[in-house]
Protein chains: 2
Amino acid sequence: MEKRYKTPKECLGKLMPVRDTLDIFQGKWKIQIISVLMYYDECSFKLLKESVKGITSKMLSKELKELEVNQLVEREVIDTRPVTIRYRITPYGESSRDIIIALYNWGVEHRKKIIGKE
Amino acid sequence: MEKRYKTPKECLGKLMPVRDTLDIFQGKWKIQIISVLMYYDECSFKLLKESVKGITSKMLSKELKELEVNQLVEREVIDTRPVTIRYRITPYGESSRDIIIALYNWGVEHRKKIIGKE
DNA sequence: TATACTAGTATACTTGAGGATACCAACTTT
DNA sequence: AAAGTTGGTATCCTCAAGTATACTAGTATA
C-alpha cells in the first residue's frame, strides 16, 4: 500500500465541485428564493417579493432569470385574464434541497448556541 | 383538525435560519477556507493560500479573523523558530460539515449534468 | 553579507452587486 | 373615467467586497 500525501493540487480537485456550486448559488438572494419556492411549491412574483423580505423587484426579476438559465426554476405564463405567472422549482432545482436543509439545520443550531450564551 | 394556509409570515419564520447561516458564510471565500481546513485537518497560512486558489493574503487574513470570531476556526501559535501558526477547524466549525458535503455533492452532480450536455 | 521564507499588514484602487426611485403595459374594478 | 392590481423595466447611485501591489518583522540559510 503506497503512502499518500495531501497536496494543494489534490485539494483543489476536491474543492472544485464546491466552487462550482458556490458560483451558481452566489449572492444574497438565490438561496432564499429557492427556499421560498420550496415552501410554496408554486408562487407568483408578488408572493415571492413579499416572502423574500427586503428584495426589490429589480433584484427578484434578475435573480429569477439567472435561476431559469441554470434550470433551477421555471416560469409559466398562464393565459388567464389578467395573465397569471407561476414560478416553480424544476425537478433539477429540487436536487438542491439537501443544501437548503443543511443550511436550515445549521441556522437552527447556531441560533440555539447564540441564544444559550446570552 | 384545523385548516392551515401557507403565509408570507410563516414562510419568513422558516426562512430565518437559512438567512442566519448565509450571513455567517457569506462571501466568496469562507466556505472554501473551511473546506480546505477540513481536507488538511490543520494548515499553515501559506498552505491555505496555495490551496484556496486565487485568494490574496489580505482576504485570507481577513476571512480567517471573521471565522475565528464566529468560533468556526482556531489559530494556534506554536513557539518554534521560526514561529509556526496552525489553523484548524473548531469542534463547532465541524458542525458545518453537512453544508460542505451538500455543496460538494451538488457540484459533482451538476458537473455530470453539464458535461453530459456537451 | 545577501537572499529567501513565513505570516502576515498597509495602501490604493476598482467594480459590480445591490438599493432607491420612478415608471410602464395590460387588465379589472368601481 | 379613474384608480388599483400584477409583473415587471429603466435609471441612477452607493458602498463594501474584493483586487493589486508593495512592504514588513523575524528568522534561517547559502
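How many residues surround DNA strand C, and which of them are the closest?

Reply: The model is a predicted one, in which local features require pLDDT of at least 70 and side-chain atom pairs pLDDT 80 or more, while totals for chains, interfaces and linings use all residues; side-chain values use heavy atoms, with hydrogens and water left out. Residues are numbered from 1 along each chain as its sequence is written, and chains are lettered from A and ligands numbered from 1 in the order in which they are written.

DNA strand C is surrounded by 17 residues, and the closest are A:Lys28, A:Lys58, B:Ser61, B:Arg75 and B:Tyr87. A residue counts as near a strand if one of its heavy atoms lies within 4 Å of that strand. Sugar or phosphate accounts for 64% of the atoms of DNA strand C within 4 Å of the protein, and bases for the rest.

The side chain of B:Lys46 places an N or O atom 2.9 Å from a phosphate oxygen of DNA strand C. H4(B) gives the most, with four residues. Helices here are DSSP runs of H or I with at least four residues, and strands are runs of E with at least two, numbered from the N terminus. By class, the surface near DNA strand C comprises six nonpolar, four polar and seven charged residues; Asp, Glu, Lys and Arg count as charged, Ala, Val, Leu, Ile, Met, Phe, Trp, Tyr, Cys and Pro as nonpolar, and the others, Gly among them, as polar.

S3(B) also belongs to a set of paired strands, pairing being taken as at least two DSSP bridges. Strand S2 (residues 73-78) of chain B runs antiparallel to S3(B) over six bridges, with B:Val77 opposite B:Ile85, and five residues separate the two strands of this hairpin. Strand S1 (residues 42-43) of chain B is likewise antiparallel to S3(B), over two bridges, and B:Glu42 has B:Arg88 as its bridge partner.

Turning to the two chains, chain A superposes on chain B by a rotation of 180° with 0.0 Å of shift along the axis, at an RMSD of 0.1 Å. The copies are thus related as by a two-fold rotation axis. Contact, meaning heavy atoms within 4.5 Å, joins 49 residues of chain A to 49 residues of chain B. About 4500 Å² is buried between the chains, 66% of it on carbon and sulfur atoms; buried area is the accessible area (1.4 Å probe) lost on putting the two parts together, summed over both. In chain A, the residues losing the most area to chain B are A:Tyr39, A:Tyr92 and A:Trp106, together 18% of what that side buries.

Definitions and conventions: Least-squares fit on C-alpha atoms with pLDDT ≥ 70 in both. Polar contact = N/O pair within 3.5 Å; in protein donor to acceptor, adjacent residues only side chain to side chain.
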